[in-house]
2 protein chains.
Amino acid sequence: MRNIKLTIEYDGTDFAGWQFQPGQRTVQGLLEAKLSSMLEEKISILGSGRTDAGVHAVGQVANFKTSRDIPLRAFEDGLNSLLPHDAAVIKAEEAAEKFHARFDAKSRRYRYQIIFRRSPLKERFAWRMLYKADPAILQYLAAQISGQHDFTSFSSTQAEVNNFICLIEKAGWTFTDDMWTFEIKANRFLHNMVRILVGTMIDMARGQMDHNDFEKILTVKDRTLAGKTAPACGLCLMEVLY
Amino acid sequence: MRNIKLTIEYDGTDFAGWQFQPGQRTVQGLLEAKLSSMLEEKISILGSGRTDAGVHAVGQVANFKTSRDIPLRAFEDGLNSLLPHDAAVIKAEEAAEKFHARFDAKSRRYRYQIIFRRSPLKERFAWRMLYKADPAILQYLAAQISGQHDFTSFSSTQAEVNNFICLIEKAGWTFTDDMWTFEIKANRFLHNMVRILVGTMIDMARGQMDHNDFEKILTVKDRTLAGKTAPACGLCLMEVLY
């Protein structure tokens with residue numbers, strides 16, 4: 001059996017997320033349907049992780065097994081010709097037999113974009129906020145996030161995991177007149193973690209919460225103490241590293 | 001009468017261009033309808049220039065006259081609340097009584113984007129080419145374009161103008177792994193001029209036409225000698241300067 005690794009880009013706006021759900025338009029469901037039809041065998045795809053409804057990706061990674069002896073090119077151009085405008089295969093590669101898109105991932109990188117005015121060219125991929133926040137507080141909070149912490153307070157209560165410890169390799173904001181961007185790279189992410197982190201940082205940088213409480217909120221491990229969950233449309237999975 | 005200057009952004013994908021046409025979805029038609037309904041008087045809008053069907057804008061400028069005494073803010077937030085997701089007012093300003101969005105424009109700046117693979121996040125705003133071209137030839141041709149020339153050979157034959165002389169203040173390409181971008185700033189542009197320039201440069205940079213013929217094609221003033229017209233989706237009106 002061949003093990004094929006795919007790098008996938010999608011505009012999450014019209015998807016009910018990555019993971020297959022019966023009767024819903026999901027990226028995994030779409031890819032499995034098109035691959036199964038192209039290869040004339042039932043294909044199951046394994047993603048590096050779920051992305052929620054409305055979240056985008058330019059570097060999602062997935063793998064699947066097949067016995068078909070067709071050139072890699074068919075998983076790029078061939079599959080792309082079957083995919084709609086909002087999903088595409090960027091790259092197809094032969095992977096080692098044991099390669100597992102989820103378990104083998106060493107780190108993942110996400111980006112969150114914020115804009116402050118209507119922008120037909122950008123608003124599919126950004127959270128449009130009405131009021132500015134304090135950039136210095138955002139940058140201070142990003143520095144607090146760096147390193148290893150228990151992120152229970154910043155995880156959806158639905159998360160089904162054994163522990164909530166993540167190692168944040170990089171976290172920081174960049175600011176332009178048009179757009180504020182948060183980038184975060186970590187060994188793993190919990191459900192809704194980036195969106196709750198961004199929502200909390202913004203609440204604090206607007207003075208709706210005290211930024212001096214951030215460390216305490218981390219320590220107390222209680223989701224109800226963190227801020228709101230930022231909208232899905234601003235989030236994009238940039239890269240999965242192996 | 002007040003003279004209001006609007007700066008407008010739109011995703012051109014689903015518009016039949018800027019200019020009003022009966023029964024078509026155009027940006028001018030949409031703005032006139034929403035403004036007339038909001039102000040309860042018939043409003044005519046005057047744009048800095050037409051953009052074709054499928055062409056985008058982040059800095060289109062237009063002006064209109066009104067006798068209504070409502071705050072400028074209403075032409076931003078109020079009008080935006082009536083506009084669909086693919087068009088927005090970025091700024092509204094009081095202009096001098098004689099301000100004319102088209103005749104007073106000193107220069108305009110356009111951008112043309114090219115990508116080389118499927119990209120759901122970028123392909124609404126870029127021409128997806130299947131084969132690479134020679135960047136050195138593109139940059140050489142951009143330098144040929146700079147300065148004052150008669151652009152008859154690079155104008156749609158439908159152009160209704162007295163002369164075809166344009167002063168190109170800036171023209172150049174930038175290249176990243178993901179995207180090739182052509183930027184051009186001039187005192188005026190003829191119909192389809194940027195798209196024919198880009199199409200011809202690409203034909204030459206791929207060896208389908210001889211780049212040594214470029215100067216001759218300019219001199220001869222014959223549209224049939226230039227290359228193809230690049231697709232509308234890659235083009236964006238960035239800025240109009242007064």
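Biologist: Which residues of helix α2 of chain B are buried?

Modeller: In this predicted model, F75(B), E76(B), L79(B) and N80(B) are the buried residues of α2(B), residues 73-82. Buried means under 20% relative accessible area, exposed over 50% and partly exposed in between, with a 1.4 Å probe and protein chains only. Helices are DSSP runs of H or I, at least four residues, and strands are runs of E, at least two, numbered from the N terminus.

Biologist: Why are the buried residues of α2(B) said to line one face of the helix?

Modeller: Seen down the axis of α2(B), they fall within an arc of 105°, so they line one face. The arc is taken from the directions from the helix axis to the C-beta atoms. On the other side, R73(B) and S81(B) are exposed.

Biologist: Why are α3(A) and α4(A) called oblique?

Modeller: Helix α3(A), residues 135-145, and helix α4(A), residues 193-205, pack at about 140°, with axes 9 Å apart. Axes are lines fitted to C-alpha atoms, for helices over the stretch in contact (heavy atoms within 4.5 Å), and angles run from 0 to 180 degrees between N-to-C directions. Under 35 degrees counts as roughly parallel, over 145 as roughly antiparallel, 65 to 115 as roughly perpendicular and the rest as oblique. The pair is therefore oblique.

Biologist: Which residues of α3(A) meet α4(A)?

Modeller: Among them are I137(A), L138(A) and L141(A), and the residues they meet in α4(A) include L197(A) and M201(A).

Biologist: How are residues and chains labelled, and what is counted?

Modeller: Residues are numbered from 1 along each chain as its sequence is written, and chains are lettered from A and ligands numbered from 1 in the order written. Local features need pLDDT of at least 70, side-chain atom pairs count only at pLDDT 80 or more, totals for chains, interfaces and linings use all residues, and side-chain values use heavy atoms, leaving out hydrogens and water.
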